[in-house]
Amino acid sequence: PRLVEDEDGGVLFFYSTSSSSSSSFGYANNLQQQRQRLPVFKRRDAILFLVENHATTIVVGETGSGKTTQIPQYLNEGGWAESGHVIGCTQPRRLAVQSVASRVAEEMGVKLGEEVGYVIRFEDVTTPGVTRIKFLTDGVLLREMMDDPLLSKYSVIMIDEAHERSISTDIVLGLLKKIQRRRPELRLIISSATIEAKSIASFFRASKKHRGGATKELGPKTEPAIVSVEGRGFTVEINYIQEPVADYLRAAVSTVMLIHKQQTVGDILVFLTGQDDIDAGVQLLNEEAQSSGKSNGELLVLPLYSGLSRAEQDLVFSPTPRGKRKIIISTNIAETSLTLEGIVYVVDSGFSKQRFYDPLSDIENLVVAPISKASARQRAGRAGRVRPGKCFRLYTEEYYVNEMSAEGIPEMQRSNLVSCIIQLKALGIDNILGFGWPSSPSPEAMIRALEVLYSLGVLDDDAKLTSPTGFQVAEIPLDPMLSKALLASNELGCSEEMLTISAVLSVQSIWISVRGAQKQLDEAKLRFAAAEGDHVTFLNVYKGFLESGKSSKWCHKNFINYHAMKKVLETREQLKKTAQRLGIVLKSCDRDIQVIRKAITAGFFANACHLEPYSHEGKYKTVRTSQDVYIHPSSVLFRVNPKWVVYHSLVSTDRRYMRNVVTIDPTWLVEVAPHYYQYQGPGSIATLTR
Ligand code: ADP
Ligand code: MG
């Protein structure tokens, strides 16, 4: 066993155990040579042959073997984009869509957005009639089905990263299986980094029953073909920590510094969980590097998470400058979606941010939760890309062996299903329970989603989409409650404001959070704070941003994230187009804040809360379920505690917190949702029996 010791306190003891398999490969100097050296190249002809002859082809191959970047190009070379057809390739993550599309455009020597393009929500970089290879999120593919239910412009669709089992991937798989029966010429490729492919194969194989006895088939074989692409990973030495650590962030930082001091050249990839701890990690490492003198300037510490600007993304992929060691601190996006060259060391915190939904409290949280063994193996594999590498796991071997679950739980089984169900309904899938799910969602979550949609007037008594509201809500690419608020703003004459608010709520955060600068951030927020709440505050920020001439300096001065604001502008523009298509008239209410709050209430009435009388700590109760909730410290209404509010979302940490809160007059609840609320005398509102 090898020991790595931490100088200040001896916290970190690692010892190494197992290794993974190895093989070798040479370096290539130009892009075409590089392409031919990828493991998937050996399977090029086999893949083209199988796609020709089978309706569904499943490709299993390790991360970095070339599945995502090469297979769409092979299909293009094989003539699948002739006569105006498009080759589609989906990814669960937006950042991956952008990154692989730009890589493929580069390899093909074309301008991104022409032959090779991409689409993510609120961003379309394609040219109709010109784009042959199109990368998109599976959520966007789902939306495209609303306009074109048989996805007729695609000749082949590759559903990539199927092992991730994202909620949209699962729905898309279920729908594609139906589309295939109507369009036998459509080809599917399902690609996956792990053996999870087996269950996907059996999911597609089940359709055999539908083939109907004796009819001789003319089209492609319905039995899915499976190809596996050999990996080319080098040996990775696995090191476990000897004693559990309390703070994985600190442990990760110390481990990186130890690797830097004690190990030979090679970049380091650190898996943390989300923007907060990654930003903190970057800051801590930079501080450590500064104070440790010698290594000062040798470390190039870069974050990697969705929502990074283009320039920041490019830095991550650009070659490490001579004499430097690159340290990339990433979410689990680098686990399988993106391949980074030059990584020799992996530090695995053992955690990732995962979505969990509780239908009873109706809280969907992104929580930091332990990863599965499958993920841990994937993470370790990232170290063996260019030469033998090392993985440092910040958890014990005992924990890995005995406590880590073998596989993760599909997202479908831990998500709020409101958006998913409205989309299926819009696609004409009425029997939601009987829909062929790759893994069935929980009945409680399903019932809760139907309740929400019913209360919003999106579904009628027969659980069919209402016209026009239901269809309109389904068409707006926002959470149904927000879509409903946008529709209400049309009647109330404040659609301009509601578009802005919706756009701001669609980006991660418009504020810059700097560790240790909370006070300055709070002060900056005060400059924009509106007594009516966060939504109105967003309007003030947006106005200030426009008045500054969309200045990045102005943003910096006010602790506002410039890139997020630019994203808000783009998103607002896209939403405006959808709104106009639906006949929403653009109108501003000027200073009449009341109608804005009413429009929000029309969408979010189910999230109404009132302050507990005599509560000194700002305790609220939700009207619907009488849960205790509190205003989140990030809200401008924190400590202000108005009597009645509606919130945008709940998060639960030590308490249940409301995020993005706006004050309301309780009588509006009955006014906007008479089917839902009952007036019971001054200051008293109750939900009608359900
Ligand atoms: P897979 O999908 O099998 O995981 P990819 O097709 O993503 O594999 O990657 C194949 C190769 O292309 C890798 O060597 C990777 O380093 C390279 N590559 C992919 N994306 C980029 C990028 N944005 N910049 C530079 N190289 C890239
Ligand atoms: Mg890939």
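## Basis

The model is predicted: local features need pLDDT of at least 70, side-chain atom pairs count only at pLDDT 80 or more, and totals for chains, interfaces and linings use all residues. Residues are numbered from 1 along each chain as its sequence is written, while chains are lettered from A and ligands numbered from 1 in the order in which they are written.

## Strand β11

Strand β11 spans residues 267-271. Strands here are DSSP runs of E with at least two residues; helices are runs of H or I with at least four, and both are numbered from the N terminus. Of the 5 residues in β11, 5 are buried, so the strand is largely enclosed by the rest of the structure. Buried means that 20 or more other C-beta atoms, placed from the backbone, lie within 10 Å of the residue's own. Asp267, Leu269 and Phe271 cover one side. Ile268 and Val270 cover the other. In a regular strand, side chains alternate between the two faces of the sheet.

β11 has two parallel partners (pairing takes at least two DSSP bridges). To β14 (residues 343-348) there are 5 bridges, with Asp267 opposite Ile343. To β13 (residues 325-330) there are 4, and Ile268 has Ile327 as its bridge partner.

## The barrel

A barrel closes from 5 strands, in the order β18-β19-β20-β22-β21, with mixed pairing. Its neighbouring strands are turned by 50 degrees against each other on average, direction ignored. β20 (residues 628-631) runs parallel to β22 (residues 656-663), joined by 2 bridges. Tyr630 has Tyr657 of β22 as its bridge partner.

Helix α23 (residues 593-604) packs on this sheet and touches β21 (644-652) and β22. Its direction makes about 50 degrees with that of β21. Such angles run from 0 to 180 degrees between N-to-C directions, with axes fitted to C-alpha atoms, for helices over the stretch in contact. Contact means C-beta atoms, placed from the backbone, within 7 Å.

## Helices α18 and α22

The axes of α18 (residues 495-506) and α22 (residues 562-581) come within 9 Å and cross at roughly 130 degrees. That makes α18 oblique to α22. Oblique is what remains after under 35 degrees (roughly parallel), over 145 (roughly antiparallel) and 65 to 115 (roughly perpendicular).

On the α18 side, the contact includes Leu499, Ala503 and Val504. On α22, Val568, Arg572 and Leu575 are among the residues involved. The contact residues divide into 6 nonpolar, 5 polar and 2 charged. Nonpolar covers Ala, Val, Leu, Ile, Met, Phe, Trp, Tyr, Cys and Pro; charged covers Asp, Glu, Lys and Arg; the others, Gly among them, are polar.

Methods
A residue is buried if 20 or more other C-beta atoms lie within 10 Å of its own, exposed if 12 or fewer, and partly exposed in between; C-beta atoms are placed from the backbone. Two residues are in contact if their C-beta atoms, placed from the backbone, lie within 7 Å.
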